[in-house]
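Please look at the protein chain shown here and keep its sequence at hand while reading. The report after it goes from the whole chain to single residues.

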Amino acid sequence: MNSTWSGQEPDEMPPLGVGGWTRLVLRGGAVGTVVFGGLVVLLLVRLVERPIHGLRRPWTPYITQTVCRAALRLIGLELTVRGQQMRQHGAIVANHSSWLDIFVLNSRKNIYFVSKSEVANWPGIGWLARATGTLFIRRDRRHARAQTQLFEDRLLAGHKLLFFPEGTSTDGLRVLPFKSTLYEAFFSDHLRHEICVQPVTLIYHAPEGKSPRFYGWWGDMDFGSHLVKTLAAPRQGRAELIYHAPLRVDDFPNRKSLALATEEAVRSAHKYVLEDQDVMRHS
């Protein structure tokens, strides 16, 4: 069954014009140079890091973080952060609105994404994901035990794994129910007393005069056209990251109760900020 959220039809993208094409070329060229230049540096450093530290990655995540911060500045997307980042071993869960989430979340914390296995074969994105240590999983219960072992190895090595429990991206104006499947791995005998899960709310504020769904990427929307629209925009909005208090896994009886608690935390901040945006638009 397709889990992609379709929602309403996306807004039509107006013609770019000379200014739009100029911004696209300048921003796109700069972002591409930073991202793929950073990838080359990361791979070279990893050649030394891997034989010395194995699964642990004490150096390369900082390259990823630096690249993502630089990319956001070049795009012009402002970022504000609230709350404290988790220092304990564990995982991060967040709502999912756009491909921009990867840059925003990576720019402030050394994390490793959990992604469906198909992404590994995507041109460009798949290469970046593999190089930055993304954990690829199969949505098949036959692989559940092996995937639990992968989670254990990575989490106990100190990696902060991040996944999107909604299972799909949206228009950025809602939080979908969290699926609890991946939470099951946290309740293994080796993890449940060792780790925490930190909920994170990610909210996009559209550029002035644009649809509040401007940064959302959902349904059958094409990545290329969404990238073009974002890079060509005359003004950019901002993103907001809200880190909530970490939750100890062993404080919960099962995966469903933990998934619900993290969903409620993410949803509460998301609803508050969007209501505030609505008041400002009508004031």
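What follows describes the overall build of the chain and then a few of its residues.

This is a predicted model, in which local features need pLDDT of at least 70 and side-chain atom pairs count only at pLDDT 80 or more, while totals for chains, interfaces and linings use all residues. Residues are numbered from 1 along each chain as its sequence is written, and side-chain values use heavy atoms, with hydrogens and water left out.

## The chain as a whole

The chain contains seven helices and eight strands, where helices (H or I, at least four residues) and strands (E, at least two) are DSSP runs that are numbered from the N terminus. Its radius of gyration is 19 Å, close to the 19 Å that the globule rule gives for 283 residues, so the chain is as compact as a globular protein of that length. This radius is taken over C-alpha atoms, and the globule rule is 2.2 Å times the number of residues to the power 0.38. Along the principal axes, the C-alpha trace spans about 60 × 45 × 35 Å.

Of the 283 residues, 47% count as buried; the word means under 20% relative accessible area, with exposed over 50% and partly exposed in between (1.4 Å probe, protein chains only). The chain exposes about 14700 Å², and carbon and sulfur atoms supply 56% of that area, as computed by the Shrake-Rupley method with a 1.4 Å probe, where for residues only the protein chains shown count as cover.

Contact means heavy atoms within 4.5 Å. Among contacts between residues at least 6 apart in sequence, 77% join residues at least 24 apart.

As for charge, the chain has 35 positive and 26 negative side chains, and the centres of the two sets lie 5 Å apart. Lys and Arg count as positive and Asp and Glu as negative, while His and the chain ends are not counted; the place of a charge is taken as NZ of Lys, CZ of Arg, CG of Asp or CD of Glu.

## Cysteines

How many disulfides does the structure hold? The structure holds zero disulfides, a disulfide being a pair of cysteine sulfur atoms within 2.5 Å. Cys-68 counts as buried at 5% relative accessibility, and Cys-196 is buried as well, with a relative accessible area of 3%.

## Residues in helices and strands

Ala-239 lies in strand E7, which covers residues 238-243, and is buried, with a relative accessible area of 0%. Leaving aside neighbours within four places in sequence, Ala-239 is in contact with several residues, including Leu-77, Val-104 and Ile-203.

Arg-46 is found in helix H1 (residues 17-53) and is buried, at a relative accessible area of 12%. Beyond the neighbours within four places in sequence, Arg-46 is in contact with Pro-51, Gly-54, Arg-56, Arg-57 and Thr-60.

Leu-150, in helix H5 (residues 144-156), is partly exposed, with a relative accessible area of 36%.

## Residues in loops

Leu-176 sits in the loop between strand E5 (161-163) and strand E6 (196-205) and is buried, with a relative accessible area of 15%. Not counting residues up to four places away in sequence, Leu-176 touches Trp-5, Glu-166, Thr-168, Thr-170, Glu-263 and Arg-267.

Gln-236 is placed in the loop between helix H6 (223-232) and E7, and this residue is buried at a relative accessible area of 16%. Among the residues that Gln-236 touches, not counting those up to four places away in sequence, are Arg-27, Ile-75, Pro-207 and Tyr-215.

## Separations along the chain and in space

The table sets the separation in sequence beside the C-alpha to C-alpha distance for some pairs.

| Pair | Separation in sequence | C-alpha distance |
|---|---|---|
| Ala-239 and Tyr-215 | 24 residues | 9.5 Å |
| Leu-150 and Ala-185 | 35 residues | 9.4 Å |
| Leu-176 and Gly-133 | 43 residues | 27 Å |
| Gln-236 and Asp-11 | 225 residues | 17 Å |
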